[in-house]
Amino acid sequence: MKRSLWEKSGRYLLPVYFVGVLLYLLLPLLLVIPMSISETRYLKFPPQGFTFRWYQEFFASAGWIDATLRSVLIAAASAVLATAIGTAAALVLSREGSKAARAAGPVFLGPQVVPVIILALGTLLVFSRFGLYGSLWGVALVHAVLALPFVTTTVSGALRQTGDTLARAARVLGARPHEAFWHVTLPTIRPAVISAAVFAFFISFDELVIALFVMGQNETLPMRIWADMRHDLTPVVAAVATLLIVVTFAAVFMSDLIQRRAQRRAG
Amino acid sequence: MSDGVAMPRDGKGAARGRRAPLSSLWLLAPAAVLFLFVFILPVGEVALWSVQGEAGLSAENYEAALGAGPYRTILFGTLQLSFGVACACILVGYPAAYFLASRPPRNRTLLLLLILTPLWVSVLVRTFGWIVVLGREGLVNSMLIGIGAVDGPLQMLYTRGAVYIAMVQVLLPVAILVMFSTMTTINRSLLMASRILGASPWRGFVHIFLPLSAGGAVNAWMLTFVLALGFFITPALVGGPKETMIANLIATQITLTLDWGLGSALGMVLVVAGFAVVGAIALLFRRVTGLSGHGGSR
């Protein structure tokens, strides 16, 4: 009877289990949303009444808005930098059999394996030595390093998929290397580059630990949320968290849509 | 676009153009520079600070970090907690990855997207969600009191259990993704062949699928373990003083006691301990199965 039990579990138990895992992953996130429109000053479930007061408090507070704008600026700079540098590196890394690619590939994974706290500490030591403490551009550079592995893997994946036949053809027909890149290669990998940029943006936008170590008075949004969560945990955090969830989900689904549409067009 | 040298039109030149020309290696230069100054330099600086004493080179920071006392307790606590979290991620994630890999590719994409979306939401927001669920007047307590299971609210936040639940939730998508990608490379016709030869589906799973997916599970374990070692936000927000991890201790050394040398030594110990455990596991796995973590699926 083992056989029928196994088959039954495949048909019913596994899907139910999978839904359970999805709920575990997503439910705590979704529960944040009703908390942001609850009238009580402290977190109480189920939410009481209905109000937009916490959103108004967020948008009316100079502290919150300054922190948000600062984070947007850092994340945008970091995303542009990581995408440009990462795409250039991916052009080399995606070439099969390239010695440089084989040597450099694992090195770029470094920031994913070394705990962020070490990088945060090292950044603080370096920044204090060079007088960069509190520098927006400095922290954007460090965030770009964190995002670099994501950019190179995403873009070199796309490059390997499309191959370089067309670019070679363009070169044979007399295009210069940069012309072949702009007019032939880039259009085919554009969806991957866009989604890499989106992810690079969010890696920086959500990063707390490094910012906490080196930004000092120049509070970023995650630093502000962190301070609020540690001290008074107001429902404003729920409102900010809701905004973040909505923006993140929208960006992830949009970049997925762009990628899928491109795949469909490619056949 | 892959070569920076103009490709001559005769056959011999084309053959040369096929090989990787050196000039376009310069495209790696910006990444290498960024890496050198923003990754290697800071990590090197931590290593340097860790061996600096009052008078030149010294091991005093390491003695303080590793000698008997609260720091060593926290170090072992961190290793233990990360070990448990990584194991939980594999146990919870394996069946989910198996289910995902057995779906037809068409609806697989959407399910995978749902699993991975939380990865892109800030860990702060995800931890906040657990405060809503596990808090004194949170979801679980209000439900338990509602059905009359308990008289007063249970203390769930600021416990080891809360740290486990929240950390596994943060790391689970990573574990599922790694195991899933190994599982999709497994040749399913092997399972079919075993069925034709009379093996039960269960037997086919245990003797074919499980060994072939073990490499992915080991890789997932190592990755989640290393990531868990560096956790900072979750233990600080939903754990009690007993759940203090090395990262929190480093932050305290840096911001409050201003002992940068000791903080650096603790950081180095964390990295070395992480690599040591991962190396030992990888070696053990290769010794036991004769497979490398990556080759297991072929």
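Student: Which residues of helix H8 in chain A are buried?
Tutor: In H8 (residues 165-172) of chain A, those are A:Ala167, A:Ala170 and A:Arg171. Buried means 20 or more other C-beta atoms within 10 Å of the residue's own, exposed means 12 or fewer, and partly exposed is in between, with C-beta atoms placed from the backbone. Helices here are DSSP runs of H or I, at least four residues, numbered from the N terminus. This is a predicted model, where local features need pLDDT of at least 70 and side-chain atom pairs 80 or more, while totals for chains, interfaces and linings use all residues. Residues count from 1 along each chain as its sequence is written, and chains are lettered from A and ligands numbered from 1 in the order written.

Student: New topic: how many residues of chain A are in contact with chain B?
Tutor: 78 of chain A, with 70 of chain B; contact means C-beta atoms, placed from the backbone, within 7 Å. Helix H1 (residues 2-35) gives the most to chain A's side, with 18 residues.

Student: Which residues of H3(A) meet H2(B)?
Tutor: A:Ile85, A:Gly86, A:Ala88 and A:Ala89 meet B:Pro30, B:Ala31 and B:Leu34.

Terms used
Helix = DSSP H or I, 4+ residues; strand = E, 2+ residues; numbered from the N terminus. Contact = placed C-beta atoms within 7 Å.
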